[in-house]
Amino acid sequence: MIGLNADNGIFRLAADHEAGLKVRSAGRSFKITEEAGKMRVLLVLILTALTQVISGPLQAATTGLEPTPMPELDYAGRLLDGSYDPAIPEPASILGFPVGERTATPEQIAEAVLAWSAASDRAVAVEYARTHENRPLYYVMISSPENLSRLADIQADIARLARPAGLSEREAEAVIDRLPATAWMAYSIHGNESSGADAALAVIYHLVASTDEDVLELLEKEIIFIDPSQNPDGRARFVRALEQNRGAAPNVDSQSLLHSGFWPYGRTNHYFFDLNRDFYFLVHPETRGRVAAINDWYPQIIIDGHEMGSSDTFLLSPAREPINRNLPAFTSEWANRFAQDLAAAFDQQNWPYYHGEWNDNLYAGYSSYAMFRGSLFILYEQASTDEDGIRLPNGMVRTYRESVHHQMLATMSNLESLARNSKAMYRDFVEDRRFVASANSPYADLTYAVLPNGNRSRLAGFAEKLLAQDIEVLTADRDIQVRRATDWTGRERTSVTLPAGSLVIPNRQSEARLIAAILEFDAEISDETLAKERQERLRDGGSIMYDTTAWNLEMMYGLETLRVPEHLTNGLSPYQPPAPKPAIAGTQNPIAWIVDGQDDASVAFAARLLEQDAQVRAIDKEIDLDGLGFSRGSVMVSINDNRAFKGDLAALVAATAGETGLTASGIGAGLGEGVLPDIGGRHFRLLERPQIAVLSRTGISPYSFGTIWNSIDKHLGIRHSHLDKATLGFNDLRRYNVLVMPGTWFGFDLGERELDNIKSWVKAGGTLIAIQGATGSLTGEKADFSSVRPIQDTLADTLKYDVSLQREWMARRESLDNIAAIRAHTAPFDVAYPFPEKSNGPGEDALKKLDAWQSMFMPQGAMLAAQVDQQHWLTFGTPEVLPVLYSNNPVLMSDDRSEAVLRVGVLEASDEAGEARKLGWATIPAGQDLRLRMSGLLWPEAAQRVANSAYLTRESMGHGQVILFAAEPVYRGAALGTNRLLLNALVYGPGLGADPAVEP
């Protein structure tokens, strides 16, 4: 027998091998007779008791006066009300406090899940993933023992309904009759929205331990999957903040740090990503594991328990407009039915609630993605309470326990509604799955074709994301001719060839709705919704759009795609992931090795070699050496450069090529084919090892910072440092040659000392990269830093920006129209210049009024076409036209003092355009149009404002350089097209743009 004093209670544990494991806690006892559960429960309770002995509540450790009484914190409601099996450990025996009284840690949640699964024959715990910080993610399957004994058969039956081809209506009805309902209940995907996870603990215990007939009957009818804590890394950060800010007395002030938190807050995961935006981008292990589990079961309902502002009440589904038009109609009908039941349950408790209002369902990347697969999605948004309670505007206190109770009651209401309606919901499900895969569906004659390119790793990643959603992906075995197609800029094309190797995704398949949601070029928004959005913008500058209005995967990935209005079947075979490439190829005795620069992994190849002291070069022009062709941006490691290298250079090249999935081709001759560059020429440019620092904390957006951090770790895998912005004025920046200023949040400002420190560092050879809001501290007149200006500061002199733009366009022309004048022997009287003798556009005052008006209509998130400078090193591995995601970003203006590497809008010939025309500040040449919007809502006013502005600029400063991104280049970790620009800047910047690099 072991005695442990824990929080004034005695844990006594004894092993009786005949009777099973007996556990006594605070005077109560229970017995676990299953051998498999003995040691697990014993270990859990010993560890829990020891934890409580070592670190009890702060109040118990306080040696001062006891807090004065606060009766308002005594919540009278009962979370667990009924009779329970004493053989199942009570929550308090595991947590050390009554469930819902305090915020359970991720470790306590995992302990409870494992203990209850071990103790009960109604529950099975499944670890479905590990977080970035290596915390386990569990879901618990709860049902009757009989249902749990035939999980494989149940899953097979559900799969038949999900793929009903060949299944008769009679057979489908027989399957439905024998199937239990399925529910996926998930909580606290935002780590600081804590009440959902604690409610999940209460629900799990209630379902596995209750002896009440209504619960037993529910479990006969349903398999319930409970994912109690979807973001344990964020929750752990949140719990630590609570511990650090918890006082001896309870605190109900919503402005207190206990409730408000501090940077980077607990909402996000390890890399500060919002996991509730990742359900088809699948950037993170948490989401990849979760989606795989959900997709295996096609649950009939999915709930997602969230929190919102502390002064609010309780929001429930269904959503209001805008609603994605690809959602099945039957889910809306069932959402209303479930909402009525839940509202009635809340009415019985006299609890306030509402639905719709601010919650839309347009974006396809939430946990509601499963609706496109036939599930009913239900959102809970409980007003945030954190620990203790919150004093509300009406003077009352809402306790944390009450918030947990709200989520628990909502959960049980939804489960009861499902039990009553499951069979009818299955019928709707199978009927819709039949319809969307039929020749009569709106998806029947539609195919997406992703054109092949040399970016092997990005194409494979794209296909992998689709396959993870059970989407059929095919490959064109040969060139395929189609009559018509629409390209990703919206142009209609006729007699189009899909090259062999294209990825082909027919929309006529069982996952048709999800395919359309994530691949369609434009998500439809109703005219009525557009009118309401316009009203909101004009009324107070607000928006009814909760999230971005553009998100399709092919544009995010920067992969050129065609939309073909027919169902393609011939010349296709199932997609197979590319076979591993040999790490080394080519001549056996090379003078150099080269990897092709079109693949994103080539940047990692260069960075990782540089970090290991190899000398590496980037090739800034297409080459042909020793019979092998390589694209612009290819990476070379030569024997001559590395004569001083200490180690086995060939082995290092082979190992690095292998770990990046590339082939390093050995070449034995350095003479270029024809006029192409030779190995010793100026196009083979020596790189410098990047020493990267990224600003963080004060005023920096955790989201922006996190995407950059994740991109470096994931795509490069090299060392870098995170600097606190608060100490920037005192940091020794000579240790770094690249400094990244991520996008900003409220409160960001660079003081004079900080600016001087950065400027001196740049002039000495540093590469400064500023993103989105961080550009504001560098581009203003007072900063005297960059020559680039925000558009509102340029309206007095737009002509010079217009001339710079015309100069760029003229430099891209491949033919001349004034040959006779060039060869003439007499001086010409008429010469065409890119600027008018007299201004024919609006004046400064008019432009200021226009800009103020246009700025009200900046997009919530729209994909725009950008023209790419194909001769600039920043654009290695990037096509001529690149989709860029714009929201309310700075609009940057670049003149001749800086290089506009990407400009918003693509100039194209037009049969309808006659004379030159003004588009905002810019002149569009005669016979030309500007192709701009690719996807999403872009108001005409905003289109005029952003047209021809610079998305990416680069300019020299002393021996260094300044690189500015107008928008987030690594949006949600999924914008791989523009992420390549950032990778180029990080790795190639110190060698290609700065002269010389700063010595570390």
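Helices here are DSSP runs of H or I with at least four residues, and strands are runs of E with at least two, both numbered from the N terminus. The expected span of a helix is 1.5 Å times one less than its number of residues. The model is a predicted one, where local features need pLDDT of at least 70 and side-chain atom pairs count only at pLDDT 80 or more, while totals for chains, interfaces and linings use all residues. Residues are numbered from 1 along each chain as its sequence is written, and side-chain values use heavy atoms, with hydrogens and water left out.

**Exercise 1.** Work out what helix 24 should span, and which of its residues are buried.

*Solution.* Start with the length: helix 24 covers residues 798-811, which is 14 residues. Next, look for buried residues (under 20% relative accessible area; exposed is over 50%, partly exposed in between; 1.4 Å probe, protein chains only). In helix 24 these are Thr798, Tyr801, Asp802, Ser804, Leu805, Gln806 and Trp809.

**Exercise 2.** Find where Phe835 sits and what it is in contact with.

*Solution.* First, locate Phe835: the loop between helix 25 (819-823) and helix 26 (844-855) holds it. Its relative accessibility is 39%, so Phe835 counts as partly exposed. Now check contacts (heavy atoms within 4.5 Å). Setting aside neighbours within four places in sequence, Phe835 touches Leu799 and Val803. Leu799 is 36 residues away along the chain, yet the C-alpha atoms of the pair are separated by 7.6 Å.

**Exercise 3.** Describe how helix 19 and helix 20 meet.

*Solution.* Axes are lines fitted to C-alpha atoms, for helices over the stretch in contact, with angles from 0 to 180 degrees between N-to-C directions. The axes of helix 19 (residues 601-611) and helix 20 (residues 649-660) come within 9 Å and cross at roughly 145°. Among the residues that meet are Phe605 and Leu609 in helix 19, and Leu652 and Val653 in helix 20.
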